[in-house]
Amino acid sequence: QVQLVESGGGLVQAGGSLRLSCVASGSTVSITAMGWYRQTPGKQRELVATIGSSRNTNYADSVKGRFTISRDNALKTVYLQMNSLKPEDTAVYYCNMVIRRTNMGMWNDYWGQGTQVTVSS
């Protein structure tokens with residue numbers, strides 16, 4: 001069994017910062033891509049940032065220059081540092097990892113439970 005546990009969400013004033021963390025537990029022989037997504041009511045889940053095994057990164061245009069994704073392979077953790085937060089960043093944030101549980105196993109997507117980020121004006 002694999003679980004992703006998120007933390008770090010909360011309420012912050014516009015211009016403030018938050019740092020999200022997501023830790024994988026259970027059998028995780030290999031982890032490739034990690035990412036953060038967000039969703040608001042009535043909207044589809046959208047990609048915020050991804051980071052590959054070589055630490056190559058991609059960001060949504062709306063967060064470039066403000067958010068930074070990073071990873072710690074030893075801790076099986078992905079982080080999202082969010083600076084200069086705007087009310088438009090308000091959403092439930094979900095982490096994602098592509099994981100296989102055995103050396104010859106299949107790669108599968110795993111999702112965190114979601115953490116609420118609310119940015120007030």
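1. Start with the hairpin. Strand 4 and strand 5 form one, with six residues between them. Gly42 sits in the turn and has a positive phi of about 85 degrees. The two strands pair in the antiparallel sense over five bridges. Within that pairing, Met34 has Ile51 of strand 5 as its bridge partner. Note that this is a predicted model.

2. Strand 4 has a further partner. Eight bridges join strand 4 to strand 9, and the two run antiparallel. Here Gln39 stands opposite Val92 in strand 9. Seven of the 10 residues of strand 4 are buried, so this strand is largely enclosed by the rest of the structure.

3. The overall make-up is simple to state. The chain has zero helices and 11 strands. Its radius of gyration is 14 Å, close to the 14 Å that the globule rule gives for 121 residues, so the chain is as compact as a globular protein of that length. The C-alpha atoms fill a box of roughly 50 × 25 × 25 Å along the principal axes.

4. Four strands make it up, in the order 1-3-8-7, with antiparallel pairing. Strand 1 (2-7) and strand 7 (67-72) stand at the edges with a single partner strand each, so one side of each has no neighbour in the sheet. From one strand to the next, the twist averages 15 degrees.

5. Strand 7 pairs with strand 8 (residues 77-82) in the antiparallel sense, over six bridges. Arg71 stands opposite Val78 of strand 8. The loop between these two strands holds Lys76. Phi of Lys76 is near 50 degrees, a positive value in a residue other than glycine. Lys76 is partly exposed, at a relative accessible area of 23%.

6. Ser84 is not a glycine, yet its phi is positive, at about 50 degrees. Ser84 lies in the loop between strand 8 and strand 9. With 41% relative accessibility, Ser84 counts as partly exposed.

7. Which residues have the most contacts inside the largest nonpolar core? They are Trp36, Val78, Leu80, Met82, Tyr93 and Met97, in a core of 29 residues. Strand 9 gives the most to this core, with five residues. Other elements giving two or more residues include strand 1, strand 3 (18-26), strand 4 (30-39) and strand 5 (46-51). As a rule, nonpolar side chains in soluble globular proteins tend to be buried together.

8. Leaving aside neighbours within four places in sequence, Leu80 is in contact with Leu18, Arg19 and Leu20, among others. Its contacts also include Trp36, Val48, Ala49 and Tyr93. Phe67, Thr68 and Ile69 are on the list too.

9. Last, the totals. Of the 121 residues, 41% count as buried. The chain exposes about 6400 Å², and carbon and sulfur atoms supply 49% of that area. Among contacts between residues at least 6 apart in sequence, 57% join residues at least 24 apart.

Definitions and conventions:
Residues numbered from 1 in each chain as written. Predicted model: local features only at pLDDT ≥ 70, side-chain atom pairs only at ≥ 80, totals over all residues. Heavy atoms only, no water. Pairing = 2+ DSSP bridges. Axes fitted to C-alpha atoms, helices over the stretch in contact; angles between N-to-C directions. Rg over C-alpha atoms; globule rule 2.2 N^0.38 Å. Buried < 20%, exposed > 50% of the residue type's maximum accessible area, 1.4 Å probe, protein only. Contact = heavy atoms within 4.5 Å. Areas by Shrake-Rupley, 256 points an atom, 1.4 Å probe, with all protein chains shown as cover. Core = buried A, V, L, I, M, F, W, Y, C linked by side-chain atoms within 4.5 Å.
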